[in-house]
Amino acid sequence: MSLTLMLALGMVALVSWDFAQASHCKSWPTPGLNWSGCNKSHLMLGGADLEGANLSGTNFSLTDLRDANLSTANLEKAKLVRATLAGAIAKSANFSRVEGHRASFVRFSAERTSFTGAELQRADFSLARLIDVNFEKAELGRARFTGARLESVRFSLANLSRVDFTGTSFAGSTAFDHAILFLTRIEGIDLSRATGLRQSQIDIACGDASTKLPPSLSAPANWPCMFD
């Protein structure tokens, strides 16, 4: 086979692959679709039904996904920077290793969902309802969970530095083993059933006299913290 023919066949294959990629990225939002690796940034997708969709590696930066159905969807390594997922539903979904700096998860509802290894600095989970959600090894620095309801949530090995848990209710067993709690706000929070907590973690967190701790731990003398 001549070099010219080989190059021509290669170009045809490349064009065909590009066309296939462009075609699947242009599909209308429906359950079970495949948008893996597509650029879906700066879009209005509020209320979209994306149940069971393959959204791995999809770029949703600055996209409006409020009230969307993301149950059983795969969003592994998706980009959610400044995206809005307020009021969205995500049962048995996969958000592992997503990049979601400053994303809004206000009133977000999730069950049996994974955020393992996710980058969620300054994300807002205020008023969210999270049941059996896994944040293991997640980066949650300065995230907000104010007024959220958390049940059987796992924060093992997560960075919770300066996270705001003001008004958060914890039910079931919440795992904090090896989590970083530097200036984490737990004033008035009931952590009596939390697991994995050590005194060294509590010593750098920010609670007050109404914070409830497991029986083996005690409130540091420097509580409550002073904030600028």
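A pocket is an open set of points on a 1 Å grid over the protein atoms alone, with protein on both sides within 12 Å along at least five of seven lines, whereas a cavity is a set of points where a 1.4 Å probe fits but cannot get out; lining residues have an atom within 4 Å of a point. The views below show a predicted model, in which local features need pLDDT of at least 70 and side-chain atom pairs count only at pLDDT 80 or more, while totals for chains, interfaces and linings use all residues. Residues are numbered from 1 along each chain as its sequence is written, and side-chain values use heavy atoms, with hydrogens and water left out.

**View 1. Overall layout of the protein, with 2 helices and 5 strands.** Helices (H or I, at least four residues) and strands (E, at least two) are DSSP runs numbered from the N terminus. Read from the N terminus, the order of elements is α-β-β-β-β-β-α. Of the 228 residues, 46% are buried, where buried means under 20% relative accessible area, exposed means over 50% and partly exposed lies in between (1.4 Å probe, protein chains only). A contact means heavy atoms within 4.5 Å. Among contacts between residues at least 6 apart in sequence, 3% join residues at least 24 apart.

**View 2. The largest pocket, with a space of about 160 Å³.** A volume is the space filled by probe spheres set on the grid points, which are joined across faces, edges and corners. The lining consists of Arg 142, Ala 143, Arg 144, Arg 162, Asp 164, Leu 183, Arg 185 and Phe 227. By class, this lining has 3 nonpolar, no polar and 5 charged residues. Here Ala, Val, Leu, Ile, Met, Phe, Trp, Tyr, Cys and Pro count as nonpolar, Asp, Glu, Lys and Arg as charged, and the others, Gly among them, as polar.

**View 3. The largest cavity, with a volume of about 30 Å³.** Rolling a probe the size of a water molecule over the atoms shows where empty space is left. The search of the whole structure finds 1 cavity of 30 Å³ or more. The largest cavity is lined by Phe 176, Leu 181, Ile 186, Leu 191 and Leu 197. The lining divides into 5 nonpolar, no polar and no charged residues.

**View 4. Aromatic pairs around Phe 155.** Rings of Phe, Tyr and Trp (its six-membered ring) pair if their centres lie within 6.5 Å; planes under 30 degrees apart count as stacked, over 60 as edge-to-face and the rest as tilted. The whole structure holds 20 aromatic pairs. Phe 145 and Phe 155 form an edge-to-face pair, because their ring centres are 5.9 Å apart and their planes meet at 85°. This pair links distant parts of the chain, 10 residues apart: Phe 145 is in the loop between strand S3 (129-131) and strand S4 (149-151), and Phe 155 in the loop between S4 and strand S5 (169-171). Phe 145 has a relative accessible area of 0% and is buried, and Phe 155 is buried at 0%. Phe 155 and Phe 176 are a stacked pair, because their centres lie 5.5 Å apart with planes at 25°. This second pair also links distant parts of the chain, with Phe 176 in the loop between S5 and helix H2 (199-203), 21 residues from Phe 155. Phe 176 is buried, at 3% relative accessible area. One aromatic cluster includes Phe 145, Phe 155, Phe 165, Phe 170 and Phe 176.

View 5. Thr 174 is buried, with a relative accessible area of 2%. Leaving aside residues up to four places away in sequence, Thr 174 touches Val 153, Phe 155, Arg 193, Ala 194 and Thr 195.

View 6. Most residues other than glycine have a negative phi, and most peptide bonds are trans. Arg 102 lies in the loop between strand S1 (89-91) and strand S2 (109-111) and is partly exposed at 42% relative accessible area. Arg 162 belongs to the loop between S4 and S5 and is partly exposed at 35% relative accessibility. Pro 224 is in the segment after H2.
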